[in-house]
Amino acid sequence: QLAWTLGALSLGALALAGIALALPLRGLRDAVAIAKARELGWCNGEIRRTRSGDQARSGLGLADLIAYRAVVESVREWPLDAPTLRRFALYLGIPLVSWLGGAFVERLLDAALS
């Protein structure tokens, strides 16, 4: 019964920690997505104008605009990458692993001494 209770509490703590990580980043993700969409809209408009022959407005060549568009498209909207999330999960797993390791060592000692 204690193991199930501790397991449920551990899962609850993991869920709360995940929510605590994601909620503050949600506003940042939305801001990045809006800025990215705005820049892509500007860049697409400039590419259309440059292709139609009106280069005086932006002063940039078509190759420059296409390269800039590729850079803007490559910006990730979510500020966390896989190694960061993996490290976060490992940090959250430290208490659970130490608890399980302690229980395992205790069982080994009980078996060895009895």
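Is E73 buried, partly exposed or exposed? I looked this up to open the notebook, keeping in mind that the model is predicted. E73 comes out as partly exposed, because its relative accessibility is 40%.

**Entry 1: the partner of E73.** I followed E73 to R69, with which E73 forms a salt bridge, and the closest N and O atoms are 2.7 Å apart. Both residues sit in helix α2, four residues apart, so about one helical turn separates them. R69 has a relative accessible area of 26%, which means that R69 is partly exposed too.

**Entry 2: the other bridges.** I then asked how many salt bridges the structure holds. The count is three. One of them joins E46 to R49, with 2.7 Å between the closest N and O atoms. These two are three residues apart in helix α1, so about one helical turn lies between them.

E46 counts as buried because its relative accessibility is 2%, under the 20% cut-off. R49, at 25%, counts as partly exposed.

I also found a salt bridge between D30 and R29, where the closest N and O atoms are 3.9 Å apart. D30 is partly exposed at 36% relative accessibility, and R29 is partly exposed at 32%.

**Entry 3: helix α1 end to end.** Next I tested the length of α1, residues 2-51. At 1.5 Å a residue, its 50 residues should span 74 Å, and the end C-alpha atoms are 70 Å apart, so the two figures agree. I did find a kink of about 35° in α1, centred on L25. L25 is also among the buried residues of α1, which include A17, K36, L40 and C43. Further along, G45, I47 and T50 are buried as well.

What covers the buried residues of α1? I found that the cover includes α2 (62-74) and α3 (82-113). After α1 comes G53, and I noted its positive phi, near 105°.

**Entry 4: a patch on the surface.** My last stop was a nonpolar surface patch formed by F104, V105, L108, L109 and L113. Together these residues have about 550 Å² of accessible area. I picked out L108, which lies in helix α3. L108 counts as partly exposed, because its relative accessibility is 47%.

Technical notes: Residues are numbered from 1 along each chain as its sequence is written. This is a predicted model: local features need pLDDT of at least 70, side-chain atom pairs count only at pLDDT 80 or more; totals for chains, interfaces and linings use all residues. Side-chain values use heavy atoms; hydrogens and water are left out. The expected span of a helix is 1.5 Å times one less than its number of residues. The bend at a residue is the angle between axes fitted to the seven residues ending there and the seven starting there. Buried means under 20% relative accessible area, exposed over 50%, partly exposed in between (1.4 Å probe, protein chains only). Contact means heavy atoms within 4.5 Å. Patches are made of residues with over 30% relative accessible area and no salt bridge: like charges are joined within 9 Å, nonpolar side chains (Val, Leu, Ile, Met, Phe, Trp, Tyr) within 5 Å. Accessible areas come from the Shrake-Rupley method with a 1.4 Å probe; for residues, only the protein chains shown count as cover. A salt bridge is a side-chain nitrogen of Lys or Arg within 4 Å of a carboxyl oxygen of Asp or Glu.
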